[in-house]
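Let's take a walk through this structure together, from the overall picture down to single residues. Keep the viewer open as you read.

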Amino acid sequence: MGRIYKNSLTGKMVRRLVRGLLAGLFVMGLLYFGGKGCLQQFFFNTGYIYKREVQRADELQSYVDKNCLKAIDYKQLKKWALQRNIREFTVSRDQWLLFDVSYDGILTPGSREITDFSWKIFHKIKFADGNADVYLYEGFADKYYDILAGTSILVGFIVCIGIFSYEMQEDLRYIQCLKKEVDVITKGNLQEHITVTGNDELAQLAGGLEIMRQTLIQKEQSEQELRAAQEKLVLGMSHDLRTPLTGLMTYLEILKKQQKNRNVTDEYIQKSLDKVIQIRNLSDQMFEYFFVNSQHKVELEEAEDIFSAFGDYLSELCVLLEDEGFTVDTEMLEWNPAAVRINTDLFGRIMNNIISNIEKYAGRNKPIQIQILYEESHIGILIGNTTDQPEQPVHKTGIGLQNISVMMEHMHGYVEVSEKEKDYCIILYFPSSDSIERKSFSHNKNSADR
């Protein structure tokens, strides 16, 4: 909690306030005590206060003479002191107190002794009952000390607020800087960087804005790449569709002429059907491409052993290929203890694409090789074949392989393809899962043929 508070905006404000208070107290103390020393030096050098006391002492002497007062006539002496706002007024003789303005009544001679006799200035006043020492303190200098204290407090407060406000300008400038940068970004310029300074809440906010800016840039780049890929795909598919459509129209024109001559042949009917099938396959691939790319999140099923995950699909692959006249080699197919998580719908689509490609391009003179590869963090399904040279060259769009790659990414895997001369190999890599207890399997290659 201490670290969080130290690096927080509140912590910075508290530290600034403390610095302002310390600076204000320092200035206040410097002004007050320095000014007090200067005032005392001024009063001492000029004798201003002493002159005021002498003047009051002369007034007291005149008052005493006029009224023939004794040193113990406390009522008349107190009346005189109150009329002139005398704060301290004592009459003593031989250091024994005879009158004190703060005491009501007659003081018994010899009952109270004068204290702090050394630093007080006493004036000799002649009373009716003899001379006495009089100490007078009017408090004339107090108002200057009060003014000095008030001025010191005011200046100290101004210094405190000034320092706090000055340091707050740093945050205000930072906020204004962030506002300008955000205004630029809101106008569409995502290349404007967000300034990140410090580690308080403002810095965290700026960091969040910078991450959001980078995310928007990445999203915009991804969208641009996706649009470019889709445009390229649409253009390619348009060209690929135009070719069989042109051929289909040609064959239909031929059939139309043959119909007029009542000499329709099966050759052009079959060629027309082949072109229709080609167009259908291309449209299916295009539909699957947009369907797969439109899925933003794919739910994977619970982890299971690889034989349960892949066994049925590979068995069906072997059966379908053998029905089409292919030979399947499963000598290297081994089911070791391993587990994966897949989406059966996507994996089924991948296998359908692979079967379709094998039927189109694979040669029947060599067997189709199926193998399970075991790596440290991935399980791979290898399917290899030799390519056949068709009588009529088949234009490859590559959309099927793109679909497989996208579907593998949805399942957190990837695909590798290698092609050397007539040898073609595709490997589907799935991340191995440790979320279930792996079991030992002793299935041999015949398990895939069931």
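How many helices and strands does the protein chain have? There are ten helices and eleven strands in the protein chain. Please bear in mind throughout that this is a predicted model.

The protein chain has 450 residues, and buried residues make up 36% of them. Its accessible surface comes to about 28,200 Å², with 55% of that belonging to carbon and sulfur atoms. If you take the contacts between residues at least 6 apart in sequence, 70% of them join residues at least 24 apart.

The largest nonpolar core holds 39 residues, and Phe310, Leu314, Ile381, Ile383, Leu428 and Phe430 are the ones that touch the most other members. Which elements give two or more residues to this core? They are helix H8 (306–323), helix H9 (344–361), strand S8 (368–374), strand S9 (378–386), helix H10 (399–410) and strand S11 (423–431). H8 supplies the largest share, eight residues.

Is Ala362 buried or exposed? Its relative accessible area is 3%, and a residue counts as buried under 20%, so Ala362 is buried. Not counting residues up to four places away in sequence, Ala362 touches Phe326, Asn357, Ile368, Asn385, Thr386, Thr387 and Asp388. Asp423 lies 61 residues from Ala362 in sequence, yet their C-alpha atoms are 9.4 Å apart in space.

Next, move to helix H3, residues 48–67. At 1.5 Å a residue, the 20 residues of H3 should span 28 Å, and the end C-alpha atoms are 29 Å apart, so the two values agree. Which residues of H3 are buried? Glu53, Arg56, Ala57, Leu60, Gln61, Tyr63 and Val64 are. Just after H3, Cys68 takes a positive phi of about 50 degrees.

What covers the buried residues of H3? The cover includes helix H4 (74–83), strand S1 (88–93), strand S3 (123–127) and strand S4 (130–137). The strands in this cover also pair with one another through S4. S1 and S4 are antiparallel, paired over five bridges, and Thr90 has Tyr135 in S4 as its bridge partner. S3 and S4 likewise run antiparallel and are joined by five bridges, one of which links Ile125 to Ala132 in S4. Between S3 and S4 there are two residues, and the two strands form a hairpin.

How values were computed:
Residues are numbered from 1 along each chain as its sequence is written. This is a predicted model: local features need pLDDT of at least 70, side-chain atom pairs count only at pLDDT 80 or more; totals for chains, interfaces and linings use all residues. Side-chain values use heavy atoms; hydrogens and water are left out. A nonpolar core is a set of buried Ala, Val, Leu, Ile, Met, Phe, Trp, Tyr and Cys residues joined through side-chain atoms within 4.5 Å. Buried means under 20% relative accessible area, exposed over 50%, partly exposed in between (1.4 Å probe, protein chains only). Helices (H or I, at least four residues) and strands (E, at least two) are DSSP runs, numbered from the N terminus. The expected span of a helix is 1.5 Å times one less than its number of residues. Contact means heavy atoms within 4.5 Å. Two strands pair if DSSP finds at least two bridges between them. Accessible areas come from the Shrake-Rupley method with a 1.4 Å probe; for residues, only the protein chains shown count as cover.
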